[in-house]
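Trainee: Could you help me learn to read how open a side chain is, and how charged side chains pair up?
Mentor: Happy to! Let's look at the model together.

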Amino acid sequence: MKLANSVKARDRARRALAGGVDSPVRAFGEVGRKPVFIKKAAGSRITDLDGNSYVDFCNSWGALILGHAHPAVVKAVREAAARGTSYGCPTEAETALAEAVKKAVPSMERVRFVSSGTEAVMSAVRLARGFTGRDLVLKFDGCYHGHSDGLLVKAGSGVTGIVDASSKGVPRDVARNTLSIPYNDLPALERTFRKCGRRLACVLIEPVAANMGLVLPDRAWLAALRGLTAKRGALLIFDEVITGFRLAYGGAQEYFGIRPDLTCLGKIIGGGLPAAAFGGRRDIMALLAPDGPVYQAGTLSGNPLAMAAGLAALRELSKPGVYSGLAERAGVIGKALGDIPGVSFVSAGSMFCLFFRDQAPRDYAEVRECGAAGFRRWFHAMLGKGFYLPPSQFETSFVSLAHSAQDLARFAAAAAGAARGAAA
Ligand SMILES: *Cc1c(COP(=O)(O)O)cnc(C)c1O
């Protein structure tokens, strides 16, 4: 495969951009080979600077559930841009999108828009602390909640490559307020609550863990989490930046039938533009400035282009049959990858992940046992065959509504062959 223009672009980027990228996971850091710089995208395909075209299963890390350059989203953004790109004043578009969010996710009685998932989670945690008057945050090993200081403790996604699975530059005094325990571990959860349940401001969780590959929650464990938080007065925060509008229109909370106190949304909600949100119980959200004493703000929050894109995306997603159609698409892949020796296939709705391990991992420690070499071989074999996947074992792949039956059939056959080869 010719990648000369991408290599040139990467070398030029490295002289101007730190590390040559604006988000570490884009660097193929783990796989350390030739880069792919993208020129354009449409539907299920992205095209690089050398004219190679790939069927995309990364979809901007899950943001593009409709696929690339969806006509309804492009039209909405174009029309919004012609009316001005930012006002620094309230607009009806923000209210309209908030109303759509409330309807989809009833636990979000009040909503606040921000520009990134990081901001959404950081703000929700501050609000939880303001509401409870407590400092401690409990999270789970391998869950990623954005790059704010206190949440880089034992985080998944790109942070896994860093020693201690945390970041330098986080003050010990900050990290000390974050506790992290294994996912799916009920005894550890009960122990933590016995020890410091009354000092926890919140428990923060990815209800399906999608930043350490894909790890499914034990339903009883999730239910116990809701029970324990309610009993001890700690808020339950669902980080649905990935699962929101993905696992179901109402997110993981609809899928599992659990009502959190606060919810964070991102990725899909911006329709591919920078938007995210947090929201939840009215009595908690009432503490936010300007009504309350917990400060939170943003120059471009609720940006009219992002609101227009988000609204257009939700309009498409609220049509009947969308989520069953997505699950059917993932099913085609699951059927082909379901029983390959030395490989486990995990999926939830339109998310899927391949582990080079006999059994699906249940927590971060088990994810880290998986053969990284196998994943690397699989990833590069797939890239060579024209399929773009998130370039790390610690990420999840995404099916979009733009994937055609032919895309999926070709992918399934190629992926099964490549996985057999990589596992051998
Ligand atoms: C992507 C992600 C974030 C961070 O969102 P950004 O928009 O990248 O800041 C937070 N939580 C989860 C679960 C995510 O997947």
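Trainee: Is Glu109 buried, exposed or partly exposed, and why?
Mentor: This is a predicted model. Buried means under 20% relative accessible area and exposed means over 50%, with partly exposed in between. Glu109 has 23% relative accessibility, so Glu109 counts as partly exposed.

Trainee: Which residue does Glu109 meet in a salt bridge?
Mentor: To call a salt bridge, look for a side-chain nitrogen of Lys or Arg within 4 Å of a carboxyl oxygen of Asp or Glu. Here the side chain of Glu109 pairs with that of Arg259, at 3.4 Å from N to O. Glu109 sits in the loop between helix 3 and strand 4, and Arg259 in the loop between helix 8 and strand 9, so this pair ties together parts 150 residues apart in sequence. Arg259 is partly exposed too, at 48% relative accessibility.

Trainee: How do I read the pair of Glu369 and Arg357?
Mentor: Their side chains form a salt bridge at 3.0 Å, N to O. Glu369 lies in the loop between helix 12 and helix 13, while Arg357 lies in the loop between strand 12 and helix 12, so the pair ties together parts twelve residues apart in sequence. With a relative accessible area of 55%, Glu369 is exposed, whereas Arg357, at 18%, is buried.

Trainee: Which residues do salt bridges with shared partners join into one network?
Mentor: Arg226, Asp261, Arg281 and Asp283. Within that group, the side chains of Asp283 and Arg281 meet at 2.8 Å, N to O.

Trainee: And how many salt bridges are there by this rule?
Mentor: The count comes to eleven.

How values were computed. Residues numbered from 1 in each chain as written. Predicted model: local features only at pLDDT ≥ 70, side-chain atom pairs only at ≥ 80, totals over all residues. Heavy atoms only, no water. Helix = DSSP H or I, 4+ residues; strand = E, 2+ residues; numbered from the N terminus. Buried < 20%, exposed > 50% of the residue type's maximum accessible area, 1.4 Å probe, protein only.
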